[in-house]
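The following note concerns the helix packing in the model shown below.

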Amino acid sequence: LSQVHNCNLVIDNGTPAQVAQARFLRAFYYYNVIDLFGQVPYREAGSSPDDFPKVWTSSQATTQIIAMLTEALPNLAEKGSDPAVANKDAARFLLAKIYLNKAVFDSDTHTGFNANNVANMNEVIKYVDQISAAGKTSLAPDYWDNFKPANHTSAEVIFTSKNING
């Protein structure tokens, strides 16, 4: 979680655009941890990377991730030509993924159904519709373009890391 620490440094010292991107990335890193391990270690703002972390349950982490993304979303740029830059569509897509899995993340037994499923699915639809309405993302004419080394040219890619050749 050293990347989360780096994000926190940017959040404390960056420009508004950098802060929004760092908030998105921090939420993205936390999402990956919760999805893989079901709980998330974290440190309070300003604490040392050597401090022993506290732990959010999956439900607590889900709430925190949604809050981080909701805060970042208005200050992110629209999707541009570089999908390696955090953007509104990337945040919307991550919010849709969170809500798609929220019933599982909120359950102590990770069973996946609760009374909020309809509300969660409505959130998924809302964020996916916003991606569609933004008009910056579409299905690639050739599915395999998404897996090429130069996949940044695919209209389907919303957020990716840069390929470093060499």
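1. A residue is called buried under 20% relative accessible area, exposed over 50% and partly exposed in between, with a 1.4 Å probe and protein chains only. Tyrosine 30, at 3% relative accessibility, therefore counts as buried. Its place is in helix H2, where helices (H or I, at least four residues) and strands (E, at least two) are DSSP runs numbered from the N terminus.

2. This is a predicted model, in which local features need pLDDT of at least 70 and side-chain atom pairs count only at pLDDT 80 or more, while totals for chains, interfaces and linings use all residues. Residues are numbered from 1 along each chain as its sequence is written, and side-chain values use heavy atoms, with hydrogens and water left out.

3. Leaving aside residues up to four places away in sequence, tyrosine 30 touches Val4, Val40, Pro41, Tyr42, Trp56, Ile65 and Met68; contact means heavy atoms within 4.5 Å. Between tyrosine 30 and valine 40 the C-alpha to C-alpha distance is 6.7 Å, at a sequence separation of 10 residues.

4. Helix H2 covers residues 16-37, 22 residues in total, and spans 31 Å from first to last C-alpha, close to the 32 Å expected. The expected span is 1.5 Å times one less than the number of residues. Just after H2, glycine 38 adopts a positive phi of about 80°.

5. Among the buried residues of H2 are Val19, Ala22, Phe24, Ala27, Tyr31 and Ile34, together with Arg23 and Arg26. Their cover includes helix H1 (2-13), strand S1 (39-42), strand S2 (54-57), helix H3 (58-72) and helix H4 (88-106).

6. Two packed helices are described by the angle between their axes and the distance between the axes. Axes are lines fitted to C-alpha atoms, for helices over the stretch in contact, and angles run from 0 to 180 degrees between N-to-C directions. Angles under 35 degrees count as roughly parallel, over 145 as roughly antiparallel, 65 to 115 as roughly perpendicular and the rest as oblique.

7. H1 and H2 pack with axes 8 Å apart at an angle of about 160°, which makes H1 roughly antiparallel to H2. The crossing is left-handed, meaning that the near helix is turned anticlockwise from the far one by less than a right angle (right-handed if clockwise). Residues of H1 including Val4, Cys7 and Ile11 meet residues of H2 including Val19, Ala22 and Tyr30. This contact has 9 nonpolar, 3 polar and 2 charged residues; Ala, Val, Leu, Ile, Met, Phe, Trp, Tyr, Cys and Pro count as nonpolar, Asp, Glu, Lys and Arg as charged, and the others, Gly among them, as polar.

8. How do H2 and H4 cross, and at what angle? Their axes come within 11 Å and cross at roughly 30°, and the two helices are therefore roughly parallel to each other. H2 passes H4 in a left-handed crossing. The contact involves Phe24, Ala27, Phe28, Tyr31, Ile34 and Asp35 of H2, facing Ala90, Ala91, Leu94, Lys97, Ile98, Asn101 and Phe105 of H4. By class, these divide into 10 nonpolar, 1 polar and 2 charged residues.

9. H4 also packs against helix H5 (residues 117-134), at about 160° with axes 8 Å apart. H4 is thus roughly antiparallel to H5, and their crossing is left-handed. Asparagine 120 belongs to H5 and is buried, with a relative accessible area of 5%.
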